[in-house]
Amino acid sequence: MLDSVHPSRQAAPSDAAPGIDIWTLAFVVVVGFGLGCLAYLLAHVNWIAGIQASLVGSEPRAFWYLSRATAFVGFGLLWLSMALGLSITNKLARLWPGGPAAADLHEYSSLLGLAFGSLHGLLLTGDGYSKYTLGQVLLPFASTQYRPAWVGLGQFGLYLGLAVALSFYVRRYISYRWWRLLHYLSFAVFALVLFHGLFSGTDSATLWVRGIYLASGVSVLGLTLYRILVARRARTRGPSRSSRPEVCDNPLRRRALY
């Protein structure tokens, strides 16, 4: 005898599971978009010639454009790392996204910012107009082509950023005091990179770029001042359970404590 299902228990058409899941749909859309772009490029061969000229022509510009783009991405990641680090110390991260999540984002954005900053400098070696050598890119203040002082400050800031990034990995081998002192270098890194972009960036004269630098600088300054106020208020109230250093074996929570 066949089992029967009561009509009231049959799934309504609106409750039925979709025939294709969201990830498969996204994959199909991405592949379709990519194939469409490829077909468009193949149909317009002059685009390919333009790309070849930009990369290996008499005046290659692709390296210059990529260097400028990676500079803005690296600066944005550096600002994000600073904002997250300050939000951890002044307890704003408890509101969003939470201490452990903010600590991880702070660390990863710092490392990514360092990677994009390094790529920004290395790409200049492929630009035929600026003609930077690898030695001039790696050695601060070694270049003389374009505003050497401000370019050198950016290079020096990159190496300071490397020292701050390494502090994430030596935390267990050094004292908390030394780790905190290393992290204070983040303020110097941000200031050096900000002045480097402001006074040596070729886009700094545009209004939107100045707006980015102004907004990032003011926001970091505001978060810093708020951090100082929070610290002074905690000292005025005296030791409390919330202001004492916590001892925790969880590395995520330990990274969130400064």
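Helices are DSSP runs of at least four residues, numbered from the N terminus. In the predicted model examined here, the secondary structure of the chain consists of nine helices and zero strands, so that the order of elements from the N terminus on is α-α-α-α-α-α-α-α-α. Of the 258 residues of the chain, 28% are classed as buried. Among contacts with a separation of 6 or more, 61% are accounted for by residues 24 or more positions apart. The accessible surface of the chain amounts to about 17500 Å², and carbon and sulfur atoms contribute 69% of this area.

The largest nonpolar core contains 14 residues, of which F75, L78, V189 and F190 touch the most other members. Helices α3 (62–89), α6 (148–166), α7 (176–200) and α8 (207–237) each provide at least two residues of this core, and the largest share, five residues, is drawn from α7. The surroundings of F190 were examined with its neighbours within four places in sequence left aside; F190 then contacts F75, L78, W79, M82, S216, G217 and V220.

Helix α4 contains both E107 and L122. E107 counts as buried because its relative accessibility, 8%, falls under the 20% limit. The C-alpha atom of E107 is separated by 8.7 Å from that of G85, a residue 22 positions away along the chain. L122, by contrast, has a relative accessibility of 39% and is therefore classed as partly exposed, a category that lies between the limits of 20% and 50%.

L122 also belongs to a nonpolar patch on the surface, together with L134, L138, Y159, L162, L166, Y169, V170 and Y173. At least two residues of the patch come from each of α5 and α6, with α6 supplying the largest share, three residues.

The loop between α4 (99–123) and α5 (134–138) includes D127. With a relative accessible area of 4%, D127 is under the 20% limit and so counts as buried. A polar contact of 2.8 Å links the side chain of D127 to the side chain of S130.

Conventions. Residues are numbered from 1 along each chain as its sequence is written. This is a predicted model: local features need pLDDT of at least 70, side-chain atom pairs count only at pLDDT 80 or more; totals for chains, interfaces and linings use all residues. Side-chain values use heavy atoms; hydrogens and water are left out. Buried means under 20% relative accessible area, exposed over 50%, partly exposed in between (1.4 Å probe, protein chains only). A polar contact is a pair of N or O atoms within 3.5 Å; within protein, one must be able to donate a hydrogen and the other to accept it, and residues adjacent in sequence count only if both atoms are side-chain atoms. A nonpolar core is a set of buried Ala, Val, Leu, Ile, Met, Phe, Trp, Tyr and Cys residues joined through side-chain atoms within 4.5 Å. Contact means heavy atoms within 4.5 Å. Patches are made of residues with over 30% relative accessible area and no salt bridge: like charges are joined within 9 Å, nonpolar side chains (Val, Leu, Ile, Met, Phe, Trp, Tyr) within 5 Å. Accessible areas come from the Shrake-Rupley method with a 1.4 Å probe; for residues, only the protein chains shown count as cover. A salt bridge is a side-chain nitrogen of Lys or Arg within 4 Å of a carboxyl oxygen of Asp or Glu.
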